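Biologist: Could you put the model up, so that we can go through it together?

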Amino acid sequence: ELDRAIAGYRALAESDPTHPKASAARFFAGFLQYEAGRFTEAARAWDADAGRLGGFEGAARWYRAWARYLAGDPAAAEALMALADPDGDRAGRRAAYWAIQVLSKRAPAAAAALAVRLVARAPLGWYALLLRRQHPGVFPAPAPPPPSPAVRPDPPAIRRARALRAAQSW
């Protein structure tokens, strides 16, 4: 069934490359490969369709890099580093975190430098918390938040209103 669905997406994209859904069909033909655990095939499909994925180009860049990582492809580090931006948005920080995981085995100094930047940028962010958990000696727990301010008493007008209301109920 999966192969028929992939073929159907490919047929749509190839029969009319300018069709409004052709870009989506190309992307999802690769995505089905990815979802089936065929990571190398998915990355190859997105490589072949690069530049023809319309609004799916950004998603395909991430999934291509991630699929390479999951497949154990040595090119995963470069693909993730190309997307890594520890000072950027969530997608850039996500790619930075996974680039750190790959680089930690091949280039520990580069991984450490990237990790320091990622934790410094968003000390309480998800990827910083993961790094703190993995490397507690390098990244100690963050300082606790300041205590909550003392509860302020009700203003005099509110106290009077409550007293009047209480006096009216028997």
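Biologist: At what angle do helix α2 and helix α3 pack?

Modeller: Helix α2 (residues 22–35) and helix α3 (residues 39–49) pack at about 165°, and their axes lie 7 Å apart; helices here are DSSP runs (H or I, at least four residues), numbered from the N terminus, and axes are lines fitted to C-alpha atoms over the stretch in contact, with angles from 0 to 180 degrees between N-to-C directions. That makes α2 roughly antiparallel to α3, a term for angles over 145 degrees. This is a predicted model, in which local features need pLDDT of at least 70 and side-chain atom pairs count only at pLDDT 80 or more, while totals for chains, interfaces and linings use all residues. Residues are numbered from 1 along each chain as its sequence is written, and side-chain values use heavy atoms, leaving out hydrogens and water.

Biologist: And which residues is Trp46 in contact with, leaving aside its neighbours within four places in sequence?

Modeller: With contact meaning heavy atoms within 4.5 Å, the partners of Trp46 beyond those neighbours are Arg26, Phe27, Gly30, Phe31, Tyr34, Leu53, Ala60, Tyr63 and Arg64.

Biologist: New topic: is Ala84 buried or exposed?

Modeller: Ala84 counts as buried because its relative accessibility is 19%, and buried means under 20% relative accessible area with a 1.4 Å probe, protein chains only.

Biologist: Where is Ala84 found, then?

Modeller: Ala84 sits in the loop between α5 and α6, and, apart from neighbours within four places in sequence, Ala84 touches Gly92, Ala95, Ala96 and Ala99. The C-alpha atoms of Ala84 and Leu114 are separated by 9.1 Å, although these residues are 30 residues apart along the chain.

Technical notes:
Helix = DSSP H or I, 4+ residues; strand = E, 2+ residues; numbered from the N terminus. Parallel < 35°, antiparallel > 145°, perpendicular 65-115°, else oblique. Buried < 20%, exposed > 50% of the residue type's maximum accessible area, 1.4 Å probe, protein only.
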